[in-house]
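Hello,

Here is the structure I promised to pass on to you. Please open it beside this message, and then read on for what turned up.

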Amino acid sequence: MTASARLLIVGPQGSGKGTQGVRVAEAYGIPVVSTGDIFRANIKGGTDLGRQVTEIMDRGDLVPDELTGEIVRDRLSQDDAADGFLLDGYPRNAAQVGHLDEFLAARGEALDAVIFLDVPRAESIARISVRAQEQGRSDDTEEAIAKRLDIYENETAPILAVYGERGIVDTIDGVGSLDEIFTRITAALSARGLVATV
Ligand code: ADP
């Protein structure tokens with residue numbers, strides 16, 4: 001059976017969306033398209049794109065919409081994303097929602113579901129501080145974390161209302177064990193007729 005699930009996972013920094021995104025994508029046999037991971041891989045690889053985004057990311061700012069949109073369109077145009085994908089980290093503001101809508105509509109596609117991992121701010125801040133100590137990500141400084149959380153609240157959280165109007169948002173309680181949260185997500189997706197294939 002071929003999977004056809006076009007998914008987006010949204011949640012504050014520290015919500016565990018990266019971890020859950022990978023598990024969900026695996027279960028549905030679709031690739032994860034994580035803009036943060038793409039940018040970090042380019043920084044590590046010393047590419048032109050990497051050089052363009054290093055400072056921006058370290059400050060906790062958003063990479064310009066046009067550049068980010070181009071990266072996502074390229075990635076979604078690859079063969080493995082033809083029948084489905086899980087977006088993590090894109091779209092992150094209203095303009096990006098518009099760009100993605102246009103791109104998908106031109107292919108006769110649309111998102112099937114938006115997984116919103118709901119985690120209280122205090123819990124999310126506590127988790128990022130642990131991650132900062134464990135992984136030493138260069139944008140996990142106090143200033144950059146505060147900036148990213150502000151951007152999340154002011155620009156990213158509002159996109160949930162836009163998708164909510166389309167009736168495609170599944171709000172998932174993001175507090176619990178990894179397995180519990182994963183089960184909540186797949187239950188919500190199954191209820192939409194999106195059944196895991198793997
Ligand atoms: P987090 O959710 O913890 O902030 P991400 O890996 O999703 O981590 O993103 C890290 C950084 O990558 C962001 O702070 C931003 O600089 C850049 N980035 C990722 N996705 C986008 C996007 N959709 N638009 C603009 N910048 C982005």
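**What was found**

In helix H3, the buried residues pack against helix H2 (35–44) and helix H4 (65–76). Before going further, please keep in mind that this is a predicted model.

Staying with H3, which spans residues 48–59, the buried residues are Leu49, Gly50, Val53, Ile56 and Met57. Looking down the axis of H3, these buried residues fall within an arc of 140°, so they line one face of the helix. Asp48, Arg51 and Glu55 sit on the other side of H3 and are exposed. After H3 comes glycine 60, with a positive phi near 90°.

H1 has 12 residues (17–28), and at 1.5 Å a residue it should span 16 Å; its end C-alpha atoms are 16 Å apart, which agrees. Lys17, Gln20, Gly21, Val24, Ala25, Ala27 and Tyr28 are the buried residues of H1. Their arc around the axis is only 160°, which puts them on the same side of H1. What lies over them? The cover of the buried residues of H1 includes strands S1 (6–10), S2 (32–34), S3 (85–88) and S4 (113–118), as well as helix H9 (178–191). For background, most residues other than glycine have a negative phi, and most peptide bonds are trans.

That brings me to a peptide bond to look up: the one from tyrosine 90 to proline 91 is cis, with omega near -5°. You will find proline 91 in the loop between S3 and H5.

The largest nonpolar core holds 21 residues, of which Leu76, Phe85, Leu87, Leu100, Leu111, Val114 and Tyr163 touch the most other members. Two or more residues of this core come from each of S1, H4, S3, helix H5 (94–106), S4 and helix H8 (159–165). H5 gives the most to this core, with 4 residues. Apart from this core lies another, of 19 residues, including Val24, Ala27, Leu86 and Leu194.

Beyond its neighbours within four places in sequence, leucine 87 is in contact with Leu7, Leu8, Ile9, Val33, Val72, Leu76, Leu100 and Leu111. Leucine 100 belongs to helix H5, and it counts as buried because its relative accessibility is 3%. With neighbours within four places in sequence again left aside, leucine 100 is in contact with Leu76, Leu87, Tyr90, Pro91, Leu111 and Tyr163. Its C-alpha lies 7.8 Å from that of glycine 69, although leucine 100 and glycine 69 are 31 residues apart in sequence.

How many aromatic pairs does a search of the whole structure find? The search finds 0.

Serine 129 is part of helix H6 (residues 121–135) and counts as partly exposed, because its relative accessibility is 36%. Between the C-alpha atoms of serine 129 and threonine 141 there are 9.1 Å, with the two residues 12 apart along the chain.

Happy exploring, and best wishes

Technical notes:
Residues are numbered from 1 along each chain as its sequence is written. This is a predicted model: local features need pLDDT of at least 70, side-chain atom pairs count only at pLDDT 80 or more; totals for chains, interfaces and linings use all residues. Side-chain values use heavy atoms; hydrogens and water are left out. Rings of Phe, Tyr and Trp (its six-membered ring) pair if their centres lie within 6.5 Å; planes under 30 degrees apart count as stacked, over 60 as edge-to-face and the rest as tilted. The expected span of a helix is 1.5 Å times one less than its number of residues. Buried means under 20% relative accessible area, exposed over 50%, partly exposed in between (1.4 Å probe, protein chains only). The arc is that of the directions from the helix axis to the C-beta atoms. Contact means heavy atoms within 4.5 Å. A nonpolar core is a set of buried Ala, Val, Leu, Ile, Met, Phe, Trp, Tyr and Cys residues joined through side-chain atoms within 4.5 Å.
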